[in-house]
Each structure stands twice: as C-alpha cells, then as structure tokens.
Amino acid sequence: MERLAAQLGRAVQGKPTEVQRVVTCVVAGGHLLLEDMPGVGKTTLAEALARACALSFARIQFTADLLPADILGAQVFHSQTATFSFRPGPLFRQLVLADELNRAPPRTQSALLEGMAQGQVSLDGETHPLPSPFTVVATQNPVDFSGTYPLPDSQLDRFLVRLSLGHPAPDVEARLLTTRGAASPLASVEAVTGPEELASLRDFAAEVKLDASVAEYVVRLAQATREHGDLERGASTRAVLALGSAARAQALWEGRDFVTPGDVRTMLVPCWAHRVLLRSAVQGVSARDEAAHLVEELSRKVAAPR
Amino acid sequence: MKRPLRLRLVLRDLGAGAAFGAMAVSGQLPLWVLGVFLLSLVLALSDVRIVARHARLSAVLLLIAAVLLGLRLTSGAMNAVVAACAFAGLISAQRMLSTPDSSADGQTHLTGLLMVAGGAALSGDMTYALCLIAFGVLASLSLALGVVEAAVPDGEPVPVRSVLLPLSGGLSFAVAGAMAFFILFPRLNWAMVGPRSAPGFGAVSSAGFSDTVRLGGAGTIKSNPRVVLRATLTPDPGREELDAYWVGRTYDTFDGQEWTNVVGAQRTERQITLRPASDTLLHQRVELLPAYGGRTLVALESPSRLGNALALTPTGTRASTVQLHGGGEVRFTITAPAYTYEAYSLPPNAKADASSGLRAEERDQLLALPEHLDPRVAQLAASVLDGEKEPLAAARKLVSHLQRDYAYTLEQGGSLEDPLADFLFARKAGHCEHFATALTVLLRTQGISARLATGFFGGARMDGGYLVRAGDAHAWTHVFVPGRGFVTVDATPPSHRTSQGFELIEKLLALYEAVEGRWRQSVVDYSFRDQFELASKLVRPPRRTAEGAATSSRLPPMRAWVTAAVVAFLVWRLGRIVARWPRRALRLEATRFLDRVDALLARAHVPRREDESLEDLTTRLARDGHPLALALTPLTRRYLEARFGGRALREGEAEHLLRTLRRALDAEAARHAHKPDEQAGPTARAS
C-alpha cells in the first residue's frame with residue numbers, strides 16, 4: 001500500500017493525507033468521489049492510480065448530452081452475419097474516471113448505479129459482468145452549478161469516500177513550476193502492483209478484526225447522526241457498513257490487523273460527510289463543510305470505547 | 001436532566017415492595033393501605049409517576065391518611081406500631097410515584113428500611129425474612145446502579161451487565177454469609193420483643209370440631225390440602241404413609257340427622273389421662289397449625305395421656321391447661337392460632353380394659369337409636385348379620401357389605417329428612433360420615449354397642465415427622481367389645497379415607513410447611529441450647545453411617561436423575577461463566593492499564609485535549625516530533641492490541657511499559673525544568 005501511495009505521491013505532490021485516503025478507499029473496494037474545483041489534479045490522481053495498479057483505464061467526460069448507451073455500450077448490428085452483438089462501452093474497464101459526473105442528466109448518472117453497486121451492467125435483458133476489480137473515480141465541481149444535475153442521494157451513498165484535494169501548498173506549487181516543465185507527471189508513475197495483488201489486499205482488509213466494542217461505537221455514531229437536530233437524515237446502514245470497511249482498510253494501512261476507534265474516527269468524515277443530509281438550505285461548498293463539521297463534532301461527542 | 005436508568009427504578013420499586021411485604025406478611029396492616037400500596041407499586045413499575053404533577057394534592061392526601069390513622073390510634077382501634085407501619089407504606093408509595101430524582105430515590109430506600117424495621121416489630125416468621133433479604137438485595141442493586149449511572153458520562157450506555165453480574169455474585173455471598181452467621185450465633189427471640197405471628201399461611205381455619213356431626217354437610221373439605229397438624233412420633237414408624245387414626249372426639253347419640261354427645265365428664269387440668277397407660281406407649285409431639293382452627297387436641301388411637309400444652313399466641317408462647325369434655329374430647333382453654341402439645345397413645349393392639357371406666361348410663365347411650373328410625377334399617381342389619389352376635393365379627397360382616405354395595409361420593413344429597421335411609425336405600429352412595437353412621441346404627445339395631453369417632457386418618461411423611469391435612473378429616477366407628485374396650489372399625493372404602501386433593505398442591509404445601517417448620521425450629525426459636533447441641537454434634541463424629549448408606553441406596557432413581565441433571569446444569573452454567581471470564585478480564589485489564597497511563601500523563605501535565613484518546617495523543621505527538629512520542633508509541637500500540645486486537649498484555653508487561661513511560665516523563669519534566677531557567681536568564685538580564 002505504501003508503495004502505491006508513494007507512486008501516487010509522485011503524480012500528486014504535497015497531498016500525502018489525501019493520497020493515503022485514496023489508497024485506503026481502493027483497498028476497501030469502494031468507489032471514490034473527488035469534489036474539487038478544476039485544475040487541482042483530480043484527473044491526474046485517477047490516472048496515476050490506474051497506472052500504479054496496472055488497471056485498465058477509461059475516462060468518461062460527462063456532459064449534458066451524454067446518454068447511458070455512451071458509457072455502457074450498445075448492441076451493434078453486423079451486416080455480414082445479420083446478428084446483433086454487444087459492443088462494450090467505456091465502463092468496461094477496471095478503473096473508470098467519471099469526470100464531472102454532475103453534468104450528465106440523472107438518467108446517465110443512474111446508469112452508473114448498477115455498475116457501481118452490483119459490478120454488472122444489464123442491457124436489453126442481458127447481464128454483462130464488469131471487470132474485477134471495478135472502481136469508479138468520479139469528480140464533480142462544487143462551485144459551478146449552472147447546467148448541473150446534483151447527484152441523487154442514492155448515488156452519493158454508493159461512494160465509499162468523498163475527498164477534496166484543495167490547492168497545493170505554495171512551496172509545492174513553486175516546486176511544480178520549477179521541476180515539472182513539459183514532462184507529464186504520469187510518466188514517472190510506475191506500476192507497482194497488479195489487479196491480483198489488489199484483490200489480495202482487499203481480502204486482507206476484509207479479514208481485519210473489528211472488536212465488538214468498536215462495532216458498537218460505529219453503531220452509536222450512526223445513532224447520533226440519526227438523532228442529531230441539524231440533520232435531516234442520518235447515516236444509513238450502508239453507511240455503517242462502509243465506515244466499517246473503510247476503517248478496516250485504514251487499520252491495514254497502519255499495519256495493524258485490528259481496527260481501533262482511531263481508525264473509525266479517521267475515516268468518519270470522508271465516509272459520512274456526503275451521506276448525511278442537512279436540514280438547513282445551504283448548498284455547495286458551505287453545505288459540504290457544514291456536514292463535515294457536524295460529523296466531526298459528533299465524533300468528539302460520542303465517547304469512544306476504551 | 002439525564003433520564004434515569006429504568007432498571008434501577010424497577011429495582012428500587014421492587015425493593016420497596018419487598019420491604020412493604022415484610023410488614024404485610026404479619027397480616028395486621030389495614031386492607032386499604034395494602035390496596036393503595038399495591039396500586040402504587042403497579043403504577044410505579046409501569047413507569048407512571050402520577051405524583052410528579054400533583055405533588056401538592058398527594059401531600060394533602062397523605063396528611064388526611066395521617067389524621068385517619070391518628071384517630072384510629074387514639075380511639076384504640078389500632079396498634080401504634082401498625083399505624084406507623086401503615087403510614088410508612090403510604091409515604092413510600094407517594095415517593096415511588098414522584099419524579100425519580102436522587103432525593104426521591106433516597107427517600108424511597110429510607111422508607112423501605114423503616115418498613116423492614118416495622119415488619120420486624122410485627123412478625124418474625126420466614127416470609128418476613130424472605131422479604132427482608134429481597135429488600136436488601138434489590139435495594140443494594142439499585143443503589144449500586146445509581147452510583148454507576150452517576151459516574152457514566154452523558155450519552156454513554158450504562159454497563160448494566162458488567163455491573164450487575166459481579167454485584168449479584170457478591171450479594172449472594174453476603175446473603176449466604178449472613179445466613180451462616182445467623183445460624184451459628186444465637187440471637188434475641190422475636191417473641192420477646194414484639195407480637196409474633198402464627199406459623200403457616202395466615203389464620204384461616206378450615207378444619208376443626210364442632211359439637212355435632214350433621215349428615216349432609218359440605219364435602220369440599222376432603223380436597224383441602226392445607227396442613228392442619230404436624231407430629232413427630234417416638235418410636236418412629238419410619239413409613240412413608242401412616243395408616244393410623246387420629247381421634248379428636250366421639251359421639252354417642254344420633255337423632256336421625258346429627259350426632260351429639262349427651263354424657264361425659266368435665267375436668268380442667270394441666271394433663272388429662274383418658275385411659276390407663278401400658279408399658280408400650282407411643283409418644284407424639286404434635287403441632288396444630290392455624291389451618292386447624294379448633295381447640296380440640298387429637299392423638300393417635302387410643303390416646304392415653306394428653307398434656308404439656310403450649311399455645312402459640314401473637315404475644316408469645318404460653319402454657320395452657322386442657323379441659324376434658326364429653327365424648328373423650330380434650331380442649332385447650334386458651335384460644336390461639338396454633339398449639340403444641342404432647343400425647344401418649346396405646347398401640348393399636350394393646351390390651352387395656354376400658355370397660356371398667358364406663359358407667360351404666362354411658363353404656364346404655366351406646367345402644368340408643370333415633371326415635372323415627374326407618375324399620376328397613378333393622379331388617380337390613382338382621383339380614384346381613386344372619387344371626388352373628390360376636391361384635392367384631394358382626395361389624396366386619398357389615399363393613400364388607402357396605403363396601404361392596406355402596407359407592408363413595410363427595411356429592412351431597414341435599415337437605416333430607418332421613419339422610420341415613422337415603423344413603424342406605426336410595427342413593428347407595430355417600431362419604432365417610434354416612435358409612436360410619438350407617439355402620440354404627442346398624443350395629444346398634446342388633447344390640448351391639450358402638451359409637452361414632454371423628455378425627456383424621458393418615459399422615460404423610462415429611463422431614464422426619466408426619467403431616468396431616470384438612471382433607472384427611474375422617475369419621476369411623478368404635479365398636480365396644482366386652483373385656484377389650486372400644487375397637488376401631490372403619491366402614492369407608494380404604495382408598496377414600498385420606499385426603500382427595502391434587503397431589504402437586506399437596507406436595508408443594510407439604511414442602512412449604514416442612515421448610516417453615518424447620519425455619520421456626522432453627523431460626524425463630526433458635527437458642528443457646530440449640531447452638532450447644534449443634535456444637536456437640538459437630539464435635540462428636542456421626543455414628544450412623546450404616547443407616548445413612550441404607551437410606552441413600554433407597555433413593556428413588558427418578559429423583560436422583562433430576563438432582564444430577566440440575567447439578568450438571570449448574571456446573572455447565574458455571575463453566576460457561578468461568579470460560580468467559582478470561583476474555584472479560586483481559587479487556588478490563590487493558591482498560592485498567594489505560595487508566596494508569598492516563599493518571600501518569602495527567603500527573604506529568606502532558607498537554608492533552610479533552611476528547612483526545614491516547615491513540616490521538618500519540619499520533620499528534622509523533623507528528624510534532626515530541627520527545628514523549630518515543631515512549632508512548634510502543635505503549636499505545638500494546639494497549640490497542642490488548643484492547644481491540646485480542647492479544648493480552650503479558651505478565652509484568654504493563655509494569656514494564658509504565659516504568660518506561662515514567663522514566664520518559666521524568667526526563668521530560670527535567671528538560672522542562674531546565675528550559676525555563678534558560679528562558680528566565682535572558683529576560684532577567686534584559687530587564
């Protein structure tokens with residue numbers, strides 16, 4: 001995992017914590033939602049991830065006129081044999097970058113749903129399995145709202161982790177200017193692991209021990225979000241499970257074979273901030289920060305097992 | 001305000017209920033107080049605190065109740081202790097129903113204590129002690145939960161299981177220890193300090209003797225399982241079921257409807273001798289229980305001497321004289337709920353001539369017939385006897401005829417003009433009084449002297465003695481045999497002589513009565529003498545090993561299996577608990593270790609945010625490059641492993657880690673002490 005993080009760090013400099021969360025998310029077998037303004041390296045990060053893991057990669061630019069068939073694939077008529085055959089779309093890759101996901105109409109967004117949840121695509125009554133591992137890295141721009149379709153809650157709930165990279169620190173930015181030049185940062189990223197190794201990492205993560213008291217702690221946190229006065233809707237059961245697997249991957253990252261309450265707290269905001277719904281009408285960046293703030297506050301209020 | 005733990009309130013209210021029960025078992029509290037308290041208890045248990053909103057109204061009601069009780073007290077209708085107890089119960093009920101804050105809790109427990117003390121002044125029997133123990137246990141659990149609840153921060157669950165389990169264990173030890181102490185050391189007799197309750201379940205009479213036996217009475221008594229009499233026999237017959245007759249009194253005159261007694265002497269003495277003793281007397285120590293409800297002494301056939309009578313009254317044990325009435329009936333002169341006395345009886349086949357003691361008028365009365373006797377009765381007797389004149393042989397002939405042609409029933413024929421003729425010629429079914437009356441009258445028509453005897457038949461073995469139930473009440477016939485005296489002849493079919501109640505209820509009641517008897521013997525009446533006997537028994541080795549082996553080999557296999565199963569179950573449960581112990585201990589150990597680390601860090605004033613765990617602190621220090629991180633990192637790792645990773649701390653490891661930490665803290669403190677000096681130097685100079 002650390003090798004992976006080191007490779008990613010080469011591509012996205014000055015963001016060790018975020019890079020680590022990305023790795024954790026991938027090891028936990030979840031999908032990633034990057035929410036940031038343009039030009040901070042979201043795409044670079046996703047591509048570097050694909051390269052470092054040696055995964056097949058596709059990038060889909062979501063636009064307002066994108067249709068489900070454009071990403072899933074379609075039945076194509078062969079005039080020679082007079083038969084239809086399935087031509088898989090760009091979704092049939094191990095790592096899919098869904099760029100500016102919120103620009104596509106809901107119909108296209110939900111076409112992603114089945115793929116993300118079940119790892120398969122149903123088209124014209126036929127089920128086509130997606131490659132394994134299958135990871136979606138979606139990005140969206142939280143500032144520019146014109147002509148966007150906000151993601152439905154059901155879709156948001158399917159992303160294990162939501163991150164925002166933010167601007168790099170000034171010294172990192174300066175170094176970028178001096179060292180990078182014309183060379184693509186991706187060129188320096190080497191494949192350090194393969195799909196098989198990633199799968200075994202996921203198996204390891206799933207076997208990380210979660211003590212009953214820690215599990216109870218997670219449930220108590222969920223209870224607290226459900227009872228919180230400022231939240232319209234608290235964490236779902238899927239959110240509880242997601243936090244569990246994210247905390248497991250985090251424990252693995254720390255080199256432990258058991259989850260501590262600290263792991264849970266580390267993954268709490270990335271895992272849950274996008275899953276709770278605020279009562280207040282604020283939108284965009286401020287809503288995101290508010291939710292993150294509330295969830296973090298809860299983590300301080302709910303006593304951890306000791 | 002924090003919502004109180006429901007379980008704690010339930011325990012508190014149940015404890016108050018047990019304390020109230022400690023008073024209520026004396027049976028002296030007014031019924032309305034009982035009703036009010038029970039209603040409040042039910043409301044409190046279902047978490048309906050009605051007083052919370054009407055505190056003033058309830059206070060006024062309490063005041064009214066106090067005035068009522070005071071009036072009854074001054075008018076002499078109520079004992080001061082009873083009045084105080086009743087009022088304590090009402091206060092407790094009011095407190096239970098008010099808002100459950102800490103003061104209400106304390107007051108509920110306090111009134112509970114008052115009620116227990118009041119109960120001690122009212123009664124000292126076993127149910128009281130059970131209530132006392134229940135109160136002690138429940139109130140302790142509730143108080144302990146209250147302490148834990150106060151210590152747990154807001155929003156966190158109270159660790160009820162982990163508190164109650166060890167606490168219950170400790171409480172059971174305490175109760176067992178207290179009981180051992182109670183038995184080993186003599187104590188004040190309750191009867192000396194206050195009124196004393198009667199043994200058994202309350203004082204409701206269900207059996208007993210009237211001056212007459214009327215045919216056609218109620219038949220439910222035969223199924224009444226209440227124990228009326230407890231007796232220890234010397235020599236011990238050693239049988240499970242005693243087939244003996246306990247005679248209470250006899251009747252010599254039948255008027256067609258009921259039996260009465262017209263002749264008989266009247267004497268009042270400490271001891272009554274009914275007939276001369278022989279050298280093989282059967283000694284009985286008898287205890288009459290409140291269910292008996294009469295004053296007549298009963299003894300095994302044929303009683304020779306009755307005496308040594310003690311009346312167990314609510315104010316203590318008193319010696320009583322006994323009085324001889326007609327029909328050989330001996331009565332206590334004092335009315336009390338329960339009595340004890342001793343009796344000597346002649347064994348069934350002893351040769352004793354009582355005829356000499358019989359006067360001519362008495363003997364004539366044994367042949368008297370009702371005025372309007374159905375002529376068919378004499379015809380029937382003559383046809384069955386067929387000239388047999390020898391009294392016993394004649395009686396046996398009649399008995400076999402009755403048992404063959406007549407059925408036993410507890411159903412009553414209703415109020416009849418001639419119940420005897422109805423039994424003999426119409427219904428041909430009846431109960432023991434019909435059979436006995438029929439036999440007696442049939443014998444008399446043929447010139448054979450006989451009389452009716454009433455009392456009890458049977459006796460179930462329990463705890464070295466015998467129990468007789470209200471349902472064992474019976475009637476039979478005494479046939480006068482010249483030169484031998486009265487001989488017992490029973491016309492009732494043998495299977496219907498004893499109690500006809502449900503076996504399970506009988507067994508349960510017998511068990512309760514046996515435990516209760518043992519309780520009176522070893523607790524209520526426990527004295528220096530008993531302690532001395534116990535000590536000498538302990539010093540002297542038991543010599544009856546052979547006998548013990550014989551009884552154990554006779555243990556029914558069923559009972560043995562059940563016992564073994566129960567023991568096995570208990571062992572299994574214990575094993576489960578013990579098996580779970582190490583895991584819990586391990587977890588607790590890690591947490592205890594954390595507590596010690598926390599204490600060390602707090603003493604060393606390591607900067608730490610309020611909601612920061614050791615894990616967070618270590619991470620932060622390590623990130624800042626703090627020197628303490630070096631010592632804290634391995635320690636934190638081991639703690640986390642032990643707490644969440646299932647790898648317990650090795651022996652001495654905690655101490656080792658703590659020592660390292662202490663050393664690091666000392667070094668840190670020294671460094672700090674050094675630094676201010678350095679900093680203070682320049683500033684001092686600068687100023």
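Lys428(B) counts as partly exposed because 13 C-beta neighbours lie inside 10 Å (buried means 20 or more other C-beta atoms within 10 Å of a residue's own, exposed 12 or fewer, partly exposed in between, with C-beta atoms placed from the backbone). The phi angle of Lys428(B) is near 55 degrees, a positive value in a residue other than glycine. Lys428(B) sits in the loop between helix H12 (419–427) and strand S16 (429–430) of chain B; helices (H or I, at least four residues) and strands (E, at least two) are DSSP runs, numbered from the N terminus.

The model is predicted, with local features needing pLDDT of at least 70, side-chain atom pairs counting only at pLDDT 80 or more, and totals for chains, interfaces and linings using all residues. Residues are numbered from 1 along each chain as its sequence is written, while chains are lettered from A and ligands numbered from 1 in the order in which they are written.

Two cis peptide bonds come next. One runs from Thr234(B) to Pro235(B), with omega near -5 degrees, and Pro235(B) lies in the loop between strands S2 (227–234) and S3 (245–251) of chain B. The other links Glu301(B) to Ser302(B), with omega near -10 degrees.

Across chain B, 20 helices and 21 strands are found, and 35% of the 687 residues count as buried. In helix H4(B), 13 of the 17 residues are buried, so the helix is largely enclosed by the rest of the structure.
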